[in-house]
2 protein chains.
Amino acid sequence: MTSQSVPHYDIVIVGAGPVGLMLSTLLARWGYKIRHIDNRPEPTATGRADGIQPRSLDLLRNMGLKPAIMAHKPARVYEVAFWDPPKGGDGIERTGTWASCPSFIDARYPFTTLLHQGLIERAFIADLEKNNVEIVRPWTIKDFTSDEASNPEYPVEVQLEHIDGFAQETIRAKYLFSGEGARSFVRQKLGIQVRHKDPISYVWGVMDGVVKTDFPDIKMKCTIHSREGSIMVIPREDNMVRLYIQIASSTDPDFNPRKTATEEEVQDYAKKILQPYSIEWERVEWYSVYPIGQGISDNYTLDHRVFMGGDACHTHSPKAGQGMNTAFLDAQNLAWKIHLVEAGFADRSLLKTYEFERKEVAETLLSFDNKYAKLFSQKPPSASAVAAANESESAPSAEAQSDNAFIQTFKESCEFTSGYGVKYQPSVITWSPDHPAQSPNIHPAGNKLRPGRLLINADVTRVVDANVVHLEQEVPSNGSFRIFVFAGKSSTTAAALRDLEQGLHKRNSFYAAYQRQDIAQVSHHEKHNPHSLFYTFCIIFAGRRQDVEISRDVPGLLAQYRGHVYADDQWNRRVPDATASAHAKMGFDQERGGVVVVRPDGYVGIVTSLVEGSGTLDALNAYFSSFCTKKLSQESAQL
Amino acid sequence: MTSQSVPHYDIVIVGAGPVGLMLSTLLARWGYKIRHIDNRPEPTATGRADGIQPRSLDLLRNMGLKPAIMAHKPARVYEVAFWDPPKGGDGIERTGTWASCPSFIDARYPFTTLLHQGLIERAFIADLEKNNVEIVRPWTIKDFTSDEASNPEYPVEVQLEHIDGFAQETIRAKYLFSGEGARSFVRQKLGIQVRHKDPISYVWGVMDGVVKTDFPDIKMKCTIHSREGSIMVIPREDNMVRLYIQIASSTDPDFNPRKTATEEEVQDYAKKILQPYSIEWERVEWYSVYPIGQGISDNYTLDHRVFMGGDACHTHSPKAGQGMNTAFLDAQNLAWKIHLVEAGFADRSLLKTYEFERKEVAETLLSFDNKYAKLFSQKPPSASAVAAANESESAPSAEAQSDNAFIQTFKESCEFTSGYGVKYQPSVITWSPDHPAQSPNIHPAGNKLRPGRLLINADVTRVVDANVVHLEQEVPSNGSFRIFVFAGKSSTTAAALRDLEQGLHKRNSFYAAYQRQDIAQVSHHEKHNPHSLFYTFCIIFAGRRQDVEISRDVPGLLAQYRGHVYADDQWNRRVPDATASAHAKMGFDQERGGVVVVRPDGYVGIVTSLVEGSGTLDALNAYFSSFCTKKLSQESAQL
């Protein structure tokens, strides 16, 4: 076989669980050539992960996949209930409940969505089929090499084999991704070690089924401690319920990681724990026992050509329902970075931020996993402590103040489990005072946005069709930076907006540097990327929709984003006195506005003021320059 | 062919447009045997109706069909813009906008959804397929007879024929329904006349296509009057736009109902009207010219076996986008009445209320159609008048008061076009002071519900799973009455609730009279109809979710509706000071509550207070007795 007859791909993805499917789906939409294999003959049939956290649902909505998920009528968890033995009595009693995603978190979907992993996988697979990507099954990876020196464009050679061994294939690719799970062949071959943060490991039993019970909270998430033991209850679609039971812990005197229990033993155990309530199984859909320890991979890549994500990089207990969600965000994080590099926008060094950002999240997840386990095993919080913790800004009561440590952990837990707690550390794409871009216009006083955190949610009215929309959802997952120009009052900012637009025309502005090659052929219906796949502009005026006239208020080429011009005229309960609630939520002056650059994954990159002269554009050029392939002009800079 | 070999059906439905499909879909779900034919070889390919009004979207959601509609990304109309010639100048200018469904209407979806009729039809057809109902195409009806005397159970004989004449079939049915459209064979054969309310008729041109234009409101609904003529603009899915152009009116001196215009003529006409803006067509999807007059059928049925609905009964201008919506509600109205009769709950005379209710709505539609046309042809309202009209309760300004007539018409128009204006007249199913059910407990003072109007929307928290839900959507379109027990504070109403439950056990209560025959085999997962297909109970407590304990607060058999027990603990902006917003919106005392019986179509039937003793149940029994097959006990009545 000559080198020329070897099939060439942009990326080979191994494993079609959540992390592989998310990566594949995004890259397929953006036009990349993908070879995606999985060693299972079919998608997940039963069991496995099932919890979609609020922030992941935002992402799925942004990808247009939320309706396909919701069509299966998943269970929605809004509250967690705690059950404990009554003082000096037998049985169990409810000792408290808390919100799964309390109102201090500004979430669109303040609940966890519970649905069988196979149905979630199928939503991705259906989307992939639209882009002509097929998961090749059951195939596995046999070997690979990566050598940029010998083949700078397609440095990775991969050997694939049918699971039954009767067919082999060698292919070349720009990238290889392992979404193989905890026993990753790729990780082993690279010789990357898994570190165990917490030496304790557990054996878990998990059972999905339909039950008949008089336990009143069977449709809630519950943590039940009784004198007989502990279980966790998770409601599921189709009247199902999942029970997690800890069968053994390495702290047990006679711990055996191969300890197991039969279906009947686990059911008997659950019956004892739930007393005085009764429980009978009508049907068991899935039952499994598995040992699990906390582990984290030393690296997510060695050469920025062969990457890993998901369970291949981090394992932990199933309690907090974070596995699939962390996998989704690993893949999303890598996808746009590969895209920016391959599309010629970003320097290859951008890929270093993948491990930098996502390994930190995994470290946080593992230490949280410990804290969370302790939180659940401790004496449950008092009702007043939970109430105080639920109230965001208001001063806690005297009683609640004594619970401050709890409140702190509670809040962190909720932020973390909801997915809103992710905070990326400073880097070239996440501005901080140490960033190369320096200007008094950057990160203006008063703004409430934080680089590395998600854009704050806001409702606004789209000007062209008067639709009330979720601003943070308006640009789909297109791999582009999102430049939100909060334009305040047109009467105040007209000159600043005009200067920004004028600056874009200058040689080596990011507009001039990264124009689409097909710009002359772009349809006038193109809403998101009329000029470049690198960014999408959104312009938000503080005022009523009927007072915005795009032809008068939006200058020059910015007017080509007419489908992304908004009026900030929707009342919001979180800022009830604000006349421009989106500006107020972001912390922008509603006369003068400000500019937010949001990364393609929805996290804030940099915030600047909107000023007359070149200051705003200079700041944006400086930000993009720090990771782009071209040095953007700052010739008129007043930095 | 002997009589026994003739196939027997519950209903034969002719025509698979919106009215036929809605009827078929509901009856198929409720287990009826249906023969459904259509004379077209395929569902609608292009054109026809496209506007789903807010109230219709509520209905589609209640049927679970909203996601299938929304998957096509329909256009959403939130505002209507008016364009007129400037004073003394050429061209056109925007003279005002108004909300399509202003905030004084308490709508879940305050917009019109615009989507090609064929895609809407396909959502229904896919649902029918799940219930094994196929639309037989292209077949037509050749003849029918209806004779209850000779065959009381299957009185209707129908002769069907393939459109090409090569196959015929004779079948028998309990009912025949014509959803054939304006040229209904069934109506003609019955000799039912169509009356023309307004002698004026029009010729309309309608064009769907994709355009390139600098007209700023191309994604809004617009009424454009210029010195060159008038058009109406309706945005559509997939960047399409529909233009309606009135080509001729019977008031023209040289009126010819066969007058026509070519595609190019209409485009040239539109170009002139839109000046100074330019418009070019990239693609025309559909173009049609059709004469239309206002007409209403004298009867919707003669014998309550052969029925008609939709365009077979009423025709009018397309301006207000009411055709498909009125058709949906015709079918829904008939479906549950046939079901209640055939399931043995209601006396056959219930069927009389179909024509009684729906013909009145059609009359209103036709007179509204006239008013609406005038409203659009008049001088447009001032901005302040529109603003005043948008504010529901607040006193209009002095200037706006001078526009009172306009405000009145505006409000009526919005209510009507949104679908929330429908108000059924008093009958056995719609309580009024003349109803047979009489008691001081009926229609208690303070309640804001009105028999014959929709249940007011409210958000509540479902107790079993803490999900925040739309109360009015909680019982799906299952053909059952919905009995909402607003139970106030349990501490106050415990005895009343217990007395209501005790009364249900009495011989000849509606509970005892209409129990399911399979009641012993009903699954404990059955959420809506554990006791009877006749009704579903919902119980709403004023208070926080965590303070409701179903086993303690919901007595006896009512606890079997545990999936329909709610806490009224959600804040609502329309009643910002209420601690129990659902109670407040209904006008119920939050200590003492009240009971609402909602018809299977979502309209209020009767409202009673929740009292100790037999008063509440007596009132409910009396209401149901007025149309049920059995006389329900009022032995302990204090009426």
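This is a predicted model: local features need pLDDT of at least 70, side-chain atom pairs count only at pLDDT 80 or more; totals for chains, interfaces and linings use all residues.
User: Which residue forms a salt bridge with A:Asp106?

Analyst: A:Lys585 does, with the closest N and O atoms 2.7 Å apart. A:Asp106 lies in the loop between strand E6 (93–99) and strand E7 (112–114) of chain A, and A:Lys585 in helix H15 (residues 581–586), so the pair ties together parts that are 479 residues apart in sequence. Helices (H or I, at least four residues) and strands (E, at least two) are DSSP runs, numbered from the N terminus.

User: Is A:Lys585 buried or exposed?

Analyst: The scale is relative accessible area: buried is under 20%, exposed is over 50%, and partly exposed is in between (1.4 Å probe, protein chains only). A:Lys585 has 9% and counts as buried. A:Asp106 has 21% and counts as partly exposed.

User: Which side chain meets B:Asp208 in a salt bridge?

Analyst: B:Arg242, at 2.7 Å from N to O. The pair links distant parts of the chain: B:Asp208 is in strand E13 (residues 201–213) of chain B and B:Arg242 in strand E16 (residues 240–249), 34 residues apart. B:Asp208 is buried at 0% relative accessibility, and B:Arg242 is buried at 1%. Salt bridges can also share partners: A:Asp10, A:Lys174, A:Glu342 and A:Arg348 are joined into one network that way.

User: How do I read a sheet, and what is the order of the three-stranded open one in chain A?

Analyst: Strands of a sheet pair through backbone hydrogen bonds, either parallel or antiparallel. Two strands count as paired if DSSP finds at least two bridges between them. In chain A, the open sheet runs E3-E7-E4, with antiparallel pairing. Strand E3 (51–52) and strand E4 (75–77) stand at the edges with a single partner strand each, so one side of each is left without a neighbour in the sheet. E4(A) and E7(A) pair over three bridges. A:Ala75, for instance, has A:Leu114 in E7(A) as its bridge partner.

User: Which residues does A:Lys212 touch?

Analyst: Contact means heavy atoms within 4.5 Å. Not counting residues up to four places away in sequence, A:Lys212 touches A:Ser278, A:Ile279, A:Glu280, A:Glu282 and B:His524. A:Lys212 sits in strand E13 (residues 201–213) of chain A. At 46% relative accessibility, A:Lys212 counts as partly exposed.

User: How are the two copies related?

Analyst: Copies are superposed by least squares on the C-alpha atoms of residues with pLDDT of at least 70 in both. A rotation of 180 degrees with 0.0 Å of shift along its axis superposes chain B on chain A, at RMSD 0.0 Å. The two copies are thus related as by a two-fold rotation axis. In chain B, B:Pro67 comes closest to that axis, at 3.4 Å (C-alpha). Of the interface residues of chain B, 100% are also interface residues in chain A, so the copies meet through the same surface.

User: Where should I look for backbone geometry, such as a cis peptide bond?

Analyst: Look from A:Gln275 to A:Pro276, where the bond is cis with omega near 15 degrees. A:Pro276 lies in the loop between helix H6 (263–274) and strand E17 (279–293) of chain A. The bond from B:Gln275 to B:Pro276 is cis too, with omega near 15 degrees. Check phi as well: B:Asp238 has a positive value near 55 degrees and is not a glycine. B:Asp238 is exposed at 57% relative accessibility. B:His304, also not a glycine, has a positive phi of about 60 degrees.

Definitions and conventions. Residues are numbered from 1 along each chain as its sequence is written. Chains are lettered from A and ligands numbered from 1 in the order in which they are written. Side-chain values use heavy atoms; hydrogens and water are left out. A salt bridge is a side-chain nitrogen of Lys or Arg within 4 Å of a carboxyl oxygen of Asp or Glu.
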